[in-house]
Amino acid sequence: LQADAVLTVSEFSRDKIVQRFGIARDRVFVVGEAADETFAPIATPVPTALLRACGITSSDRIVAYVGGFGPHKNIRSLLNAFDQVSRRPNLAGTILVLAGEHENEVFHSEIARIQEDIRKLDLAGRVVFTGFLPDGDLAVLLNLALVLVLPSFMEGFGLPALEAAACGCPVIATRNSPLPELLGDGGIYIDPRHPEQLERALLDVLRSENSRAEMAKAAVIAAGKLKWTNAACQLRCAMRAMIES
């Protein structure tokens with residue numbers, strides 16, 4: 001490694017970098033992330049024109065996913081869990097909204113396999129692709145959603161989960177990430193290699209309004225502790241350490 005220092009977004013990522021590349025720990029610095037101020041609770045969220053164009057209404061019971069469509073995002077497991085959960089009588093009418101660029105994604109994508117799974121599971125009427133959403137539209141979606149699911153096999157940070165938390169949206173996320181430490185009681189954390197955990201978590205969140213309310217409160221508090229000013233201070237400290245070394 002020729003660089004004098006490596007910056008990464010979380011202690012979780014720092015540990016993985018040190019393990020994978022054998023870099024001295026004191027050469028890897030954490031500079032965290034935060035949600036933009038656009039992401040905040042909205043008292044009475046109303047779908048924007050873009051969301052309405054996708055067929056999303058205020059009466060929809062929404063399970064949301066935000067991100068890319070590569071294999072490591074584990075969306076196919078999410079589809080299977082959603083299929084099982086949404087077929088239960090008391091959860092009929094729940095839709096899965098997949099937000100993110102999927103037609104011209106720059107990273108490796110398995111969108112064709114995802115769309116084939118949707119066809120095989122007969123989910124065409126219950127899964128919505130929005131494409132890329134600007135922050136304003138995304139913030140409204142996260143305010144409308146009952147839960148955001150981020151079931152990736154691994155996340156270095158998981159910014160969509162933090163943005164959801166800032167909106168007061170409960171989170172179901174992978175344990176293989178810094179999110180359990182970052183969001184605490186604002187989320188439920190699952191092993192992405194065990195699909196039954198994801199299904200159980202979805203059932204628990206969707207069935208209980210009280211649980212969602214408690215998670216929402218904890219999520220907003222946790223997200224509020226992460227600020228870009230903190231990241232700026234971390235970067236300044238990293239630069240000072242390298243200058244003095």
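**Charged pairs and nonpolar cores**

Tutor: In this predicted model, R87 and D83 form a salt bridge, with their closest N and O atoms 2.6 Å apart.

Student: Is D83 buried or exposed?

Tutor: D83 is buried because its relative accessible area is 6%, under the 20% cut-off. R87 is partly exposed, at 46% relative accessibility.

Student: What about R113 and E110?

Tutor: Their side chains also meet in a salt bridge, at 4.0 Å from N to O. E110 is buried, with a relative accessible area of 9%, while R113 is partly exposed at 47%.

Student: And where do K217 and E214 lie?

Tutor: Both are in helix α9, residues 209–224, three residues apart, or about one turn of the helix.

Student: Which residues are joined into one network by shared partners?

Tutor: E11, R14, D15 and R25. The whole structure has twelve salt bridges.

Student: Switching topic: how many residues are in the largest nonpolar core?

Tutor: It has 67 residues, and L202 is one of those with the most contacts inside it.

Student: What does L202 touch, leaving aside neighbours within four places in sequence?

Tutor: Its contacts are V63, L78, A81, F82, V85, V147, V149 and I172. There is also a second, separate core of five residues, including V6 and I17.

Student: Which residues make the nonpolar surface patch?

Tutor: L7, L235 and M239 make a patch of about 280 Å². L235 lies in helix α10, residues 228–244, and is partly exposed at 34% relative accessibility.

Methods:
Residues are numbered from 1 along each chain as its sequence is written. This is a predicted model: local features need pLDDT of at least 70, side-chain atom pairs count only at pLDDT 80 or more; totals for chains, interfaces and linings use all residues. Side-chain values use heavy atoms; hydrogens and water are left out. A nonpolar core is a set of buried Ala, Val, Leu, Ile, Met, Phe, Trp, Tyr and Cys residues joined through side-chain atoms within 4.5 Å. Buried means under 20% relative accessible area, exposed over 50%, partly exposed in between (1.4 Å probe, protein chains only). Contact means heavy atoms within 4.5 Å. Patches are made of residues with over 30% relative accessible area and no salt bridge: like charges are joined within 9 Å, nonpolar side chains (Val, Leu, Ile, Met, Phe, Trp, Tyr) within 5 Å. Accessible areas come from the Shrake-Rupley method with a 1.4 Å probe; for residues, only the protein chains shown count as cover. Helices (H or I, at least four residues) and strands (E, at least two) are DSSP runs, numbered from the N terminus.
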